[in-house]
Amino acid sequence: MNSMMALVKNETIKMIKKKRFYVILLVLLVLVPIFSYAQLRAAEDKRSKFGTDWRREVQQAITDNQNSLGSDRVPEEWKKYRLIYIQQMKYYLEHDVNPRQPGAVAFTKEFLDNAATLFIPLLIMGIGSDIVSSERTSGTIKMLLTRPVRRWKVLLSKLITLLMFVSLIVVSTFIICYLISGLFFGYKGFNLPVFTGFKLQGADVDITGVHAVPQWKYILMQMGLIWFVSSVVAMLAFMVSVLVRSTAASIVIMMAALIAGNILTNLASAWTSAKYLFMVNLGLTQYLAGTPAPIEGMTLGFSLGVLAVWGLGSLVVSFLVFTKQDILN
């Protein structure tokens with residue numbers, strides 16, 4: 001146990017010295033104010049158009065989306081999303097809840113939804129893709145493996161350290177979003193209700209399972225799902241880092257996979273086998289929001305299972321390869 005703690009401490013120090021985590025924090029500190037300001041301008045524009053009558057604004061959004069359903073220019077796949085959106089907005093109207101109430105909590109919730117499938121995984125990939133390959137490039141891995149420590153312990157310490165920083169990134173994203181956006185919108189809104197549980201059944205929307213949860217609880221569920229996605233992405237990046245000697249190649253491979261997956265999610269509705277790819281299953285928070293799955297048959301449980309298999313498989317490959325391959329020569 002003491003040797004493992006010493007190894008984890010050593011890996012943590014190396015991770016800090018790389019300054020990748022600080023770069024990620026800097027990226028968030030630069031981008032979040034920009035997004036917050038853009039959101040503020042959009043809210044001001046809507047306020048000048050609709051005044052303080054939020055019901056009028058929501059009703060106009062419902063009307064616009066209903067009109068688009070009859071248009072031939074709107075793809076059939078997009079119409080599924082609009083059907084659920086229309087029903088959601090109607091539900092909010094019926095229960096006299098403003099779904100666009102400005103606030104730091106609402107901004108953070110929306111930011112996490114949009115960042116969960118690509119932005120946050122890219123940040124995770126930035127710290128995970130070279131955790132092994134960089135040491136092989138520099139030659140420091142040889143010094144580490146000449147110590148009287150089993151190889152699997154060395155690799156496990158790197159994995160534990162990586163997952164620790166994954167958790168830090170997820171929590172830091174929430175804190176930075178909340179604190180900065182609060183300067184623009186105020187810090188209230190934790191107890192405002194969010195309606196979740198909308199399901200698309202053919203051409204109709206099933207609302208029998210709809211229920212309200214406070215925004216603080218909804219964000220906790222979001223963060224849990226994002227942490228799971230980020231951990232799986234980290235494990236896959238970890239595997240690539242073990243398999244590929246070049247740090248640059250490791251980063252390019254993971255970046256290409258994540259970006260390709262984001263594109264594939266929007267195009268793969270007719271390719272049902274694509275639902276077994278990890279990239280297509282990264283949008284776990286969309287199930288909370290009631291967004292239709294990109295491929296028929298996908299559910300939250302299915303996506304969790306697929307990601308778990310990919311994550312565990314990548315760990316098995318990582319440890320088998322690292323403990324067997326000739327690294328010292």
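Entry 1. I began with Lys-46, which is partly exposed at a relative accessible area of 34%. I use buried for under 20% relative accessible area, exposed for over 50% and partly exposed for values in between, with a 1.4 Å probe and protein chains only. The model is predicted, so I note that local features need pLDDT of at least 70 and side-chain atom pairs pLDDT 80 or more, while totals for chains, interfaces and linings use all residues. Residues are numbered from 1 along each chain as its sequence is written, and side-chain values use heavy atoms, without hydrogens and water.

Entry 2. I looked up the confidence, given as pLDDT, the predictor's confidence in each residue from 0 to 100. The mean for the protein is 84, and 91% of its residues reach 70 or more. Helices are DSSP runs of H or I with at least four residues, numbered from the N terminus. Where pLDDT is low, predicted coordinates should not be read in detail.

Entry 3. I searched for salt bridges, each defined by a Lys or Arg side-chain nitrogen within 4 Å of a carboxyl oxygen of Asp or Glu. The whole structure holds five salt bridges. Side chains of opposite charge can pair when their charged atoms come close.

Entry 4. I returned to Lys-46, whose salt-bridge partner is Glu-57, with the closest N and O atoms 3.9 Å apart. This pair joins distant parts of the chain, since Lys-46 lies in helix H2 (residues 20-50) and Glu-57, 11 residues away, in helix H3 (residues 54-69). Glu-57 counts as buried because its relative accessibility is 13%.

Entry 5. Arg-55 and Asp-96 form a salt bridge as well, and their closest N and O atoms are 3.1 Å apart. Arg-55 is in helix H3 and Asp-96 in the loop between helix H4 (76-94) and helix H5 (104-115), so the pair ties together parts 41 residues apart in sequence. I recorded Arg-55 as partly exposed at 36% and Asp-96 as exposed at 54%.

Entry 6. Within helix H1 (residues 2-18), Glu-11 and Lys-14 are three residues apart, about one turn of the helix. Their side chains form a salt bridge of 3.0 Å, N to O. Glu-11 is buried at 4% relative accessibility, whereas Lys-14 is partly exposed at 23%. I also noted a network of salt bridges that links Glu-11, Lys-14 and Lys-158.

Entry 7. I checked helix H9 (residues 151-185), which has 35 residues and spans 51 Å from its first C-alpha to its last, close to the expected 51 Å. The expected span is 1.5 Å times one less than the number of residues. Gly-186 follows H9 and has a positive phi, near 90 degrees.

Entry 8. An unreviewed UniProt entry places the feature "transmembrane region" at several spans, including residues 21-40 and 298-322; such annotations may be inferred rather than shown by experiment. I found residues 21-40 to be 100% helix, with end C-alpha atoms 28 Å apart. Residues 298-322 are 92% helix, with 34 Å between the end C-alpha atoms.

Entry 9. I finished with Leu-300, in helix H13 (residues 300-324), which is partly exposed at 30%. Beyond neighbours within four places in sequence, Leu-300 is in contact with Leu-225, Leu-284 and Tyr-287, contact being heavy atoms within 4.5 Å. Leu-300 and Asn-281 are 19 residues apart in sequence and 8.9 Å apart, C-alpha to C-alpha.

Technical notes:
Helix = DSSP H or I, 4+ residues; strand = E, 2+ residues; numbered from the N terminus.
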